[in-house]
Amino acid sequence: MVDYLANTEINSQRIAAVESCFGASGQPLALPGRVLLGEGVLTKECRKKAKPRIFFLFNDILVYGSIVLSKRKYRSQHIIPLEEVTLEPLPETLQAKNRWMIKTAKKSFVVSAASTTERQEWISHIEECVRRQLLATGRQPSTEHAAPWIPDKATDICMRCTQTRFSALTRRHHCRKCGFVVCAECSRQRFLLPRLSPKPLRVCTLCYRELAAQKRQEEEEEPGVGSPGQPAYLAGAVCGASSGDDEDSDEDREGSGDGDWPSRVEFYSSGVSWSAFHS
Ligand SMILES: [Zn+2]
Ligand SMILES: [Zn+2]
């Protein structure tokens, strides 16, 4: 039981080991009542290609990072509060097996496990933690999720105009709203997406039209919000050059969660080689 693991020496040692692997590049992870439930390597589908990432499941947060030296040194730490997480299992394809999507309002991405068993273990452990975390905080499961970025390799042509062919000179861009791979011409506009960033972000032509229409409707229903003549959304409609905003979002920093949740999750140990859940 996690109850039993909370505030034990072995749990503190495990968490200290994770902290030391991330070193100065990571945040402190030890908190009263926080339990490290499991860890393992999952393949994360990034913009350019799928990469192995180390994942740590705590009772209140999911932490992942890139692997410099297995079990010794990790970096690029990301912390996702579990109460914001929803999972979506993905169907099997010939090329991709044991996948599922981890979705949050800020960011959504696809991971895969080494086997069906591991996938099932990860999903059931994460879902159980999320359920208990929501119960403890009284929050509702989140319903809005960031669209996952479609990997660059998935398409050679712009997914909006279907005319532009990408090459070394013709760059791919990602719409922050729908996650589609689009050309520069089809993603000239920026729109303020407060859930994702305080700055207006690149959106495709279709999403821009939809967002602008939505915004207009909101402003009509609520007159007085936004000055007449210059609707608020237009402030975000800047046709600027790309400012390196298309970098893999994997390098983004994410906030840490508060972990004062009383932990009661059942755990079990699995015999699989890549991922292990603590006993
Ligand atoms: Zn295009
Ligand atoms: Zn879009």
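Student: In this predicted model, why is Asn98 called buried?
Tutor: A residue counts as buried when 20 or more other C-beta atoms lie within 10 Å of its own, and Asn98 has 20 such atoms within 10 Å, so Asn98 is called buried. Asn98 belongs to the loop between strand 5 (86-89) and strand 6 (99-103), and its phi is positive, about 55°, although Asn98 is not a glycine.

Student: What makes a positive phi worth a remark there?
Tutor: Most residues other than glycine have a negative phi. Another residue of this kind is Asn7, whose phi is positive and near 60°, and which is found in the loop between helix 1 (2-5) and helix 2 (9-22).

Student: Why does Glu19 get the label it has?
Tutor: Glu19, which is found in helix 2, has 15 other C-beta atoms within 10 Å, and because this count falls between the two limits Glu19 is partly exposed. Leaving aside neighbours within four places in sequence, Glu19 is in contact with Gly26, Pro28, Leu29 and Ala30.

Student: How do you know how far Glu19 is from Lys73?
Tutor: The separation is computed between their C-alpha atoms and comes to 9.8 Å, for two residues that are 54 apart along the chain.

Student: What makes strand 1 mostly covered?
Tutor: Strand 1 (residues 36-45) has 10 residues, and 7 of them are buried.

Student: How do you know which strands pair with strand 1?
Tutor: At least two bridges between two strands are required for a pair. Strand 1 has 9 bridges to strand 2 (residues 50-58), in the antiparallel sense, with Phe58 of strand 2 as the bridge partner of Leu36, and a hairpin of 4 residues joins these two strands. Strand 12 (residues 275-277) runs antiparallel to strand 1 and is joined to it by 3 bridges, with Gly38 opposite Phe277. Strand 7 (residues 108-112) is also antiparallel to strand 1, and its 2 bridges meet the requirement of at least two, so strand 7 counts as paired with strand 1; here Lys44 has Val111 as its bridge partner.

Student: What makes the span of helix 3 close to the expected one?
Tutor: Helix 3 (residues 116-137) has 22 residues, and from its first C-alpha to its last it reaches 31 Å, which is close to the 32 Å expected at 1.5 Å a residue. Helix 3 is followed by Gly138, whose phi is positive, near 75°.

Student: Which elements do the buried residues of helix 3 pack against?
Tutor: These buried residues, among them Trp122, His125, Ile126 and Cys129, pack against strand 1, strand 2, strand 3 (61-69), strand 5, strand 6 and strand 12.

Student: What makes a group of residues a nonpolar core, and which residues have the most contacts inside the largest one?
Tutor: The members must be buried nonpolar residues joined through C-beta atoms within 7 Å. The largest such core has 31 residues, and those with the most contacts inside it are Phe55, Phe56, Leu57, Phe58, Leu62, Val63 and Ile126. Helix 2, strand 1, strand 2, strand 3, strand 7 and helix 3 each supply at least two residues of this core, and the largest share, 5 residues, comes from strand 2. Apart from this core lies another, of 13 residues, including Cys158, Cys175, Val182 and Tyr208.

Student: How confident is the predictor over the protein?
Tutor: The average pLDDT is 83, and 80% of the residues score at least 70. Over residues 226-273, however, the pLDDT is below 50, although this stretch has 88 contacts in the model beyond near neighbours in sequence.

Student: Why should those contacts be treated with care?
Tutor: Where pLDDT is low, the predicted coordinates should not be read in detail.

Definitions and conventions
Residues are numbered from 1 along each chain as its sequence is written. Chains are lettered from A and ligands numbered from 1 in the order in which they are written. This is a predicted model: local features need pLDDT of at least 70, side-chain atom pairs count only at pLDDT 80 or more; totals for chains, interfaces and linings use all residues. A residue is buried if 20 or more other C-beta atoms lie within 10 Å of its own, exposed if 12 or fewer, and partly exposed in between; C-beta atoms are placed from the backbone. pLDDT is the predictor's confidence in each residue, from 0 to 100. Two residues are in contact if their C-beta atoms, placed from the backbone, lie within 7 Å. The expected span of a helix is 1.5 Å times one less than its number of residues.
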